[in-house]
Amino acid sequence: GWNDPDRMLLRDVKALTLHYDRYTTSRRLDPIPQLKCVGGTAGCDSYTPKVIQCQNKGWDGYDVQWECCTDLDIAYKFGKTVVSCEGYESSEDQYVLRGSCGLEYNLDYTELGLQKLKESGKQHGFCSFSDYYYK
């Protein structure tokens with residue numbers, strides 16, 4: 001297993017390209033959606049990014065620091081984002097399974113989005129559900 005091409009050191013991964021209609025690869029766990037909205041002030045039904053790219057911005061000695069970007073309408077922005085990947089041998093393994101990473105994110109309104117919402121007079125339910133995968 002040490003020379004397995006599907007076994008990668010997470011901090012060596014430069015970028016992740018994640019798609020809303022695809023699932024992660026898996027070895028030890030069930031596949032999960034590559035992209036999953038889990039809440040935010042805009043809620044999960046207001047906008048669905050089709051592709052999100054996350055860039056590795058460095059290693060803090062404990063975790064990779066990811067910056068995730070996509071083309072969002074100016075009314076929306078990302079709130080909290082959490083990248084999770086399946087550890088190759090265990091949940092504590094610094095090596096991960098290729099293709100196993102997914103992103104959970106909150107979708108929030110920008111100031112402009114809040115202004116548009118107020119002007120439209122529409123009521124909007126706020127979603128507070130958050131469920132993080134411990135892999």
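Asp6 counts as partly exposed, at 35% relative accessibility; the classes used here are buried for under 20% relative accessible area, exposed for over 50%, and partly exposed in between, with a 1.4 Å probe and protein chains only. Asp6 forms a salt bridge with Arg98, and the closest N and O atoms are 3.8 Å apart. The pair links distant parts of the chain, 92 residues apart: Asp6 is in the segment before strand 1 (7-9), and Arg98 is in the loop between strand 7 (95-97) and strand 8 (102-109). Arg98 is partly exposed too, with a relative accessible area of 43%. A salt bridge here is a side-chain nitrogen of Lys or Arg within 4 Å of a carboxyl oxygen of Asp or Glu, while strands (E, at least two residues) and helices (H or I, at least four) are DSSP runs numbered from the N terminus.

This is a predicted model, in which local features need pLDDT of at least 70 and side-chain atom pairs count only at pLDDT 80 or more, whereas totals for chains, interfaces and linings use all residues. Residues are numbered from 1 along each chain as its sequence is written, and side-chain values use heavy atoms, with hydrogens and water left out. As for pLDDT, the predictor's confidence in each residue from 0 to 100, the chain averages 86, and 87% of the residues score at least 70. Residues 123-135 are another matter: pLDDT stays under 50 over this stretch, for which the model has 31 contacts beyond four places in sequence, a contact being heavy atoms within 4.5 Å.

Back to the salt bridges, of which the structure holds three. One of them brings together the side chains of Glu89 and Arg27, at 3.9 Å from N to O. Glu89 lies in the loop between strand 6 (76-84) and strand 7, and Arg27 in the loop between strand 2 (15-19) and strand 3 (35-39), so the pair ties together parts that are 62 residues apart in sequence. Arg27 is partly exposed, at 43% relative accessibility. Lys57 and Glu67 also meet in a salt bridge through their side chains, with 3.4 Å from N to O. Here the link runs between strand 4 (residues 51-59), which holds Lys57, and strand 5 (residues 64-69), which holds Glu67, and the two residues are ten apart. Lys57 is exposed, with a relative accessible area of 55%, whereas Glu67 is partly exposed at 39%.

Next come the cysteines. Taking a disulfide as a pair of cysteine sulfur atoms within 2.5 Å, the count comes to three. With bonded cysteines counted along the chain, the pattern is 1-2, 3-4, 5-6. Cys69 stays out of it: this residue is in no disulfide, and the nearest cysteine sulfur, that of Cys68, is 7.3 Å away. Cys69 counts as partly exposed, at 45% relative accessibility.

Cys37 and Cys44 form a disulfide with their sulfur atoms 2.3 Å apart. Their link is left-handed, with -80° about the S-S bond. Cys37 is buried, with a relative accessible area of 18%, but Cys44 is partly exposed at 23%. Another disulfide joins Cys54 to Cys68, with 2.1 Å from S to S. The torsion about this S-S bond is about 110°, so the disulfide of Cys54 and Cys68 is right-handed. Cys54 in strand 4 and Cys68 in strand 5 are 14 residues apart, and both are buried.

Cys85 and Cys101 form a disulfide as well, their sulfur atoms being 1.9 Å apart. With 105° about the S-S bond, this link is right-handed. Cys85 sits in the loop between strand 6 and strand 7, and Cys101 in the loop between strand 7 and strand 8, 16 residues apart. Cys85 counts as buried at 14% relative accessibility, and Cys101 counts as buried at 7%.

Two strands pair if DSSP finds at least two bridges between them. Strand 2 and strand 4 run antiparallel and are joined by five bridges. Leu16, for one, has Cys54 in strand 4 as its bridge partner, and Cys54 is the residue that a disulfide joins to Cys68.
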